[in-house]
Amino acid sequence: MSSSREGAGGADGSADGPKSRGLRIFSHFGLPKTPGHQIKGDIHPAIIKLGLQFSEFKICGANARCIATLTAFKTVIQDYVTPPHNTLSRHLMTHLSPQITHLVNARPMSVTMGNAIRQLKLEISDSDIDLPEQDAKDELCQKIDNYIRDRIIIADEVIEDLAVKKIKEGDVVLTYARSSLVEKILLRAHSQNKHFSVIVIDSRPLLEGKTLLHSLTSTIPPIPCTYALLPALPSLITDADVVLLGAHSLHANGSVYSRAGTAMVAMLAKEHSVPVMLCCETYKFSETVMLDGFGKNELAPVKFSPGAPKSNSNLEVLNPLYDSTPASCITAVVTEVGLIPPTSISSIPLALGRTTL
Amino acid sequence: MASDPQSAANQRIVEDLVSRLRRRQVVGSRATALETLLVLRQVISKARFSNIDQLTDVIRSVGRRLVEAQPKEHSVGNTVRKVLHHIREEYHTASGPPAVESSFSIAKFVLQGQPRRQTVIPKSEARVPLKENDPDDPDSFARVLKPVLMEAIQDVFDELETVYDNIAKNAKDHIHSDEIILTLGMSKTVQSFLKSAAHYRNYTVIVAETAPSFGGREMAKSLSSAGISTFLVPDSSIYALMSRVNKVILGAHAILANGGMFATSGSLLAATAARSYSTPVVVCAGQFKLTPLWNLYHEYGALDFGDPSAVLGFEEGDLVDKVDVVNPYYDYVRPELLDVFITNYGDHPPSSIYRLLKETYDDEDNEL
Amino acid sequence: MTRRVVILNTDIDAVVCSIERSQTLPADLEMADLEIYASYQRLLENEDLSTPLAAILALTEMMERSNAGTMFELLNELKGGAEALSRQSSNPIGLNAGCELFIEFITLFPHDAATFSDLKTELIQQGRQYAEQALTYRTKIAELAFDFIKDDSVILTHSYSRVVLQTLLMAHKRKRISVFVTEARPRGMGIKTAEKLTAVGIPCTVVLDSAVAYAIEKVDFVLMGSEAVVESGGLVNAVGSNQIAIIAKAANKPFYALAESYKFHRMFPLSQYDLPSHNPRLLSFPQSLNSTRRSSFGRRASESASTPIKITQEDIAQNNPDVDYTRPDLISLVFSDVGSLTPEGVSQYLVGMFAG
């Protein structure tokens, strides 16, 4: 969820007086606070370290952040000691809350983290009161491991299997920025000795595509790759046979919240009749409805725009990190329960045998 | 043909521009148009000709050489065509109405369907009789016609010089208070348009950086220094912000006969995103960018590729030889994505570009 | 005046006209009707002549035979001849275009010859000259369209069109192309195109009319011939063209129409059923079963349903249209000997031509 700080528009503070209307309407985006901010309360060192890594963008990507958060929480749980006259199932959550707030202050929480934490809260409140403390803690850590294993690691493997079948020999696969899942799919297809080539489209501010390039070209033999920035997309889309995209989260109306620029890739692919496959684990689903990329977004810190002019009272540099792709541009969503059309995500809980996501 | 000393001087001027064009020392539509005009002025003033065909042949051969030197700079060819058009116009007004067509065939009748040329007020008030191919005085034709031609060329010059002002003068009618405008890259035409509107209206501009040339940064700096509240965003967020944008204003490199255009890379993304939100797309371009060619967009190379190291530099060492890098300079934008062209001679929808072309250039010059 | 109901057998050689008249026409005019139609048929036997050109030549032949003494009489005769041709053809669009062009031309021709017969000779001369010249238009169009054909293009075309054929043959000499041709039932003219293309070595495949949507993703663009280009900028061509245009639009593929300038026609059809070739019999439901039921009222039920229903290809062909109308928003460009035109440009062109 985006942080709702008002008036924190300028990177150099709000000492420039009242801003024009234009600059005001973007103020709900909010900028991440610079690291080294005040630590309120008793925060576990693992969480402090994680907070720093988040705000420095050292850990990037929905899956990575979620796994890192859960791993840090395991440490916190193990180090936790139930105060006397309290039960684990009731107090642990209040103990974790300030930790979570600290992380959110470092960088707005991703949907994946939100879903995982919600699941964790459920597990904590369900934990047996009669269990001895260490056993309860171990059980919780086991549940966290299971969650990571089932809903991320194994889900990824199932998705890889499904997606790899759609990549045919000689295909040209186009992808945008770097999705950990798409990377795994491409490497798996390559390991099955399929011959295909990849077009990597990249864009500022994060230029994550270069990392993907490194990993794709480090295989033996290297996968033939083409690299271009987003404005070059129209001249390359005609060569593509399939587009593989990753997502940050998938919403109830089928719209995809993903790295800024994904929407344009999907839109152009649809125009040229190139099928768009979105690869997304079910734990990324959110029951909210997202209308456009404006209501909820996050800005990257200014340090990601080297060479950009300095902000002043008339000029502001914005680096929105996400955008929302409408469901109509996506051909298929690949999840661990199979390939589904983007508008059918409400049928997923049924498929998973659950009442909620 | 022009006699030898003249043609040698001509050669030098033309070759100079040819080599500068080839080496891309002259870039940009307006700059190349101005240079071409200077060369043509020199060529005409020094040329010797005794009838209209000789003159047009000279100009066409010069034009052909210049266009071959740099085929991607369409304004070179456009300027040559414009000059030829003016020459023929002046010639027709100076030499009086043509003799009645003795052969009136069905084919000619069918060709009447061509859009009519506008009648132009003749420049030469006094109709000095024009003698072509006069054996006694071979220069009489040239002598009479040259001053008139020089005036016509001066008109084209003036048009080029004032193109920004003319386009910008109605800017306040196109931009309203509190609007949010999206633009990208660096275009002097758009810049002067937006600055002119800023004198009358308060509005906001979002500028997309347009990697890898990053022309957008320059544009943002210049607009903000003129007091316009500006946002600089990377290209990836064009779609994300489009829902709040009221208008998209783009510049053009060349306008094609079907109403489409070549514009800086990234324009197609912005226009497509705008189409999905039904946001109007406005193009500001001088009329010298009108090109009477149709099928340019079929040539893959028409996009004019730039230096790949701007995209993936040599600091990425080991990637460089394993990866193909594509860096096109221009995009072709279809006429269906554009709503209006604002030129120095008025506003036109893409469907009437074809008619405008017929009025501005002569058909026989389409292939120089 | 005559009212006309045209039911024409698709086999052109057997001309069967059934004309209802409220007044009888004088015998010699009836003869003239048949004469002009006969000369029109004869001219059409020349493979190279398209219907508008054949119409123009038929009118010039009529002028030769004519005894008119003044311009007014001559024009009346010509108009009558044009009407006669139009009446006797099931698909008069092409020849209407040609007749209109010729008559308009004659009306505007400067009448300053020495004698009337000189003028007549001059006009006949013009007609013949134009027809000759017009045969070169296909080459001009082929050259224009050639610029749009990239190397290794896959082209889709429909039925049999001489101008498309010429374009493809010319393109084949300088670039590599491969062609899908639709079968174009019921006449199957597409097969003729495919045979001619394969004979010169162009890779060519016949596609079912119903498989166009299946094949469209493999195609780079569509090239279509035309019977007429109408005032709205739309196209009138062999039935199936509209379908292909709609599919091409849905798949985002360019749709190019090739049309010589004499096919430009000032008609403005509002819908498929507004075409002159449309008649109520087309796509109608058969009445025969009901009428036999009524007349066999007295018979026993078992006898009346004894003969099995058999529908022949002939029946299908008679009940189905020959031409259809394609809307201008589905057409990307029209290539003509007067240049490449957008569909909007066509209407501006027609106004310029006929209003001048």
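1. Let me start with confidence: chain A has an average pLDDT of 83, and 86% of its residues score at least 70. Here pLDDT is the predictor's confidence in each residue, from 0 to 100. This is a predicted model, in which local features need pLDDT of at least 70, side-chain atom pairs count only at pLDDT 80 or more, and totals for chains, interfaces and linings use all residues. Residues are numbered from 1 along each chain as its sequence is written, while chains are lettered from A and ligands numbered from 1 in the order in which they are written.

2. Two residues are in contact if their C-beta atoms, placed from the backbone, lie within 7 Å.

3. Chain B has 13 helices and 11 strands, and chain C has 14 helices and 10 strands. Helices (H or I, at least four residues) and strands (E, at least two) are DSSP runs, numbered from the N terminus. Of the 368 residues in chain B, 47% are buried; of the 356 residues in chain C, 39% are buried. A residue is buried if 20 or more other C-beta atoms lie within 10 Å of its own, exposed if 12 or fewer, and partly exposed in between, with C-beta atoms placed from the backbone. Among contacts with a separation of 6 or more, residues 24 or more positions apart account for 78% in chain B and 76% in chain C.

4. Now to where chains A and B meet. This contact takes 46 residues from chain A and 47 residues from chain B. On the chain B side, at least two residues each come from α10 (215-225), β3 (229-233), α11 (238-242), α12 (267-276) and β8 (323-325). That side divides into 23 nonpolar, 14 polar and 10 charged residues. For these classes, Ala, Val, Leu, Ile, Met, Phe, Trp, Tyr, Cys and Pro count as nonpolar, Asp, Glu, Lys and Arg as charged, and the others, Gly among them, as polar.

5. Strand pairing also links the two chains. Strand β8 (residues 315-317) of chain A runs parallel to β3(B), joined to it by 3 bridges. Across this pairing, E316(A) stands opposite F231(B). Two strands pair if DSSP finds at least two bridges between them.

6. Helix α10(B) deserves a look of its own. Because 8 of its 11 residues are buried, α10(B) is largely enclosed by the rest of the structure. The buried set includes R217(B), M219(B), K221(B) and L223(B). The buried residues of α10(B) pack against β8 of chain A, and also against β1 (180-184), α9 (188-198), β2 (204-208), β3 and β6 (261-264) of chain B. After α10(B) comes G227(B), with a positive phi near 90°.

7. Chain A is divided into domain 1 (31-153) and domain 2 (167-352); domain bounds come from an automatic or database domain assignment. The C-alpha centres of these chain A domains are 28 Å apart. Where they touch, 14 residues of domain 1 of chain A are in contact with 13 residues of domain 2 of chain A. The domain 1 side draws at least two residues each from α3 (62-79), α5 (111-126) and α6 (133-166) of chain A, and by class has 8 nonpolar, 5 polar and 1 charged residues.

8. Chain C is divided too, into domain 1 (27-134) and domain 2 (137-268 + 321-355). Their C-alpha centres lie 28 Å apart, and the contact takes 12 residues from domain 1 of chain C and 13 residues from domain 2 of chain C. On the domain 1 side, α2 (51-65) and α4 (93-108) of chain C give two or more residues each. The largest share, 8 residues, comes from α4(C).

9. Lastly, the sheet in chain C. Its 7 strands form an open, mixed sheet in the order β3-β2-β1-β4-β7-β9-β10, with β3 (204-207) and β10 (339-341) as edge strands, each pairing on one side only. The twist averages 25° from one strand to the next. Within the sheet, β4 (residues 221-224) and β7 (residues 255-258) of chain C pair in the parallel sense over 3 bridges, and L223(C) stands opposite Y256(C).

Note on methods: Axes fitted to C-alpha atoms, helices over the stretch in contact; angles between N-to-C directions.
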